[in-house]
Amino acid sequence: MPHNARADFSALPHAADLAASTPHDELFARILDPVSRPDPYPLYAALRRRPVSRQADGTWVVSGYDEIAALLHDPRLSSDMANAGQTTVRDADKSLILRDPPSHDHLRSAVMAQFTPAVVESLRAQVRALTDRLIDAIGSRTRFDLVEEIAYPLPVSVICTLLGVPPEDETRFHGWADTLARSLDLDPTMTQEEAAAVDRAFTELHAYLKELITRRAERPGNDLISALLGDGSHTDPLRGDELVITTRLLLIAGHETTVNLITNGMLTLLRRPGILARFRAEPELVIPMVEELVRYEPSVQFRYRAALADIEIGGTTIPRGSSVVLLLAAGSRDPKHFTEPERFVPDRIPNEHFGFGGGIHYCIGAPLARMEAQIVLPELVRRLRAPRLTADPPPYRPTAALRGPKHLLLEIDGIRP
Ligand code: HEM
């Protein structure tokens, strides 16, 4: 494939044709269709022709950079979808990502006070050691699945350390994390047994976290749960279910997203041998390159909001009570804001993308996710001999909002020490 070329999607319904033949108000339905997963970007470009548009199902989709930026900072948009008539999550179970001020701000500031840059930095050595171990485990094999063997186990182990899950409980924790991450797929083919397994994982994880919190309250350790419980020196520590729901959010929000960043990262590089070679020669490129990955192939493609009032934007009015989709991934490729947005430019600076959101819900784990990707990607590139994709595009998970490959089978000539 030529340097920085697009992948060969010729085996699929052609994404650009699909975008051209779809009526504007059905574009979002097309995006949700799993067939669009390998390349939704032509559909986003088609949507951006009307940056704020009502879709046939009544949802409002916002796809322009300026409009998304404005709405991310607009208090008339709520993260609690009950305000658009959707009541899938009980109020008591809503974590801070689904809350508005003031309760959002209370929970967020408690987490921010403890999940500091120093805490992220303290995890660096573990991320390095784990990366080494996972790559070593490939051994003499010449084929492996990057998702199952590296991208999945790494973030969940890191979160275990962060939360203070004792090493002997890690395996159980991995099991719950995997089941819950997979439940985010909203896969229509999910069987009753699989759905029951998800319910069970939720209940067991809840009970486990409750018990862990009790243990930490009695005997604090050097971990985030102990820190969030407080040492009596701050006035507003988290209590009871608040703490269970917040720690569960950290697990769920930080797991699958980081898996996808690592996997999308390798996929993007392997499609571009010229950039891969340049990265091998200039590992310091990793900092702007990870940022570009988060812009170009974001794990989180869109987020839902509810309109609390009539909102005039982009020459139209979103009515109060509407369900609004902020199509972050479309904004991050808006040509009004980025030069050559459809091109992967590893040293793109400035790069003010929406990959980690924006406004009051801006991703709390962004520094940790960046650090993990900045360690694992250069190591993979350095240690894998002649890595090749076995399928392009790879199979994707069905979910459109959290987009990433289900497997990324690679062929290699071996690993370097
Ligand atoms: C590549 C990895 C990641 C990506 C792409 C990502 C992306 C995002 C995005 C787009 C949001 C905004 C949601 C919204 O506006 O509704 C968000 C929020 C959040 N993220 Fe991440 N995230 C990643 C990793 C992590 C990690 C590792 C953690 C924690 C360990 C984490 C914790 C959170 C939390 C707690 C929120 C909610 C913040 C709030 O509502 O105030 N994320 N993330």
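Contact, as the word is used throughout this tour, means heavy atoms within 4.5 Å. The structure on screen is a predicted model, in which local features need pLDDT of at least 70 and side-chain atom pairs count only at pLDDT 80 or more, while totals for chains, interfaces and linings use all residues. Residues are numbered from 1 along each chain as its sequence is written, and side-chain values use heavy atoms, with hydrogens and water left out.

**Stop one: Ile311**

Select Ile311, which is found in strand β6 (residues 311–313); helices (H or I, at least four residues) and strands (E, at least two) are DSSP runs, numbered from the N terminus. Show its surroundings, and you will find that Ile311 touches Leu71, Asp74, Arg76, Leu77, Thr316, Thr317 and Ile318, if residues up to four places away in sequence are not counted. Ile311 counts as buried, at 0% relative accessibility, where buried means under 20% relative accessible area, exposed over 50%, and partly exposed in between (1.4 Å probe, protein chains only).

**Stop two: the ligand and its iron**

Which protein atom is the donor to the iron atom of the ligand? The single donor from the protein is the SG atom of Cys363, 2.3 Å away, where donors are N, O and S atoms within 2.8 Å of the metal (3.2 Å for Na, K and Ca), and water is not among the atoms, so sites may look incomplete. Cys363 itself lies in the loop between α16 (328–331) and α17 (366–383), and at 28% relative accessibility it counts as partly exposed.

Turn now to the oxygen atoms of the ligand. A polar side-chain atom of His361 lies 2.6 Å from one oxygen atom of the ligand, a polar side-chain atom of Arg305 lies 2.8 Å from an oxygen atom of the ligand, and an N or O atom in the side chain of Arg303 is likewise 2.8 Å from a ligand oxygen.

**Stop three: the cysteines**

A search of the whole structure finds 0 disulfides, a disulfide being a pair of cysteine sulfur atoms within 2.5 Å. Cys160 is in no disulfide, and the nearest cysteine sulfur, that of Cys363, is 18 Å away. Cys160 is buried, with a relative accessible area of 0%.

Select Ser53, in strand β1 (residues 52–54), which counts as buried at 1% relative accessibility. Leaving aside neighbours within four places in sequence, Ser53 is in contact with His24, Leu47, Thr59, Trp60 and Val61.

**Stop five: backbone exceptions**

Most residues other than glycine have a negative phi, and most peptide bonds are trans. Select Pro350, in the loop between α16 and α17, where the peptide bond from Ile349 to Pro350 is cis, with omega near -5°. A cis peptide bond also joins Asp392 and Pro393, with omega about 5°, and Pro393 is found in the loop between β9 (388–389) and β10 (409–411).

Finish with Glu340, whose phi is near 45°, a positive value in a residue other than glycine; Glu340 is partly exposed at 47% relative accessibility. Phi of Ala386 is also near 45°, and Ala386 sits in the loop between α17 and β9.

Notes. Polar contact = N/O pair within 3.5 Å; in protein donor to acceptor, adjacent residues only side chain to side chain.
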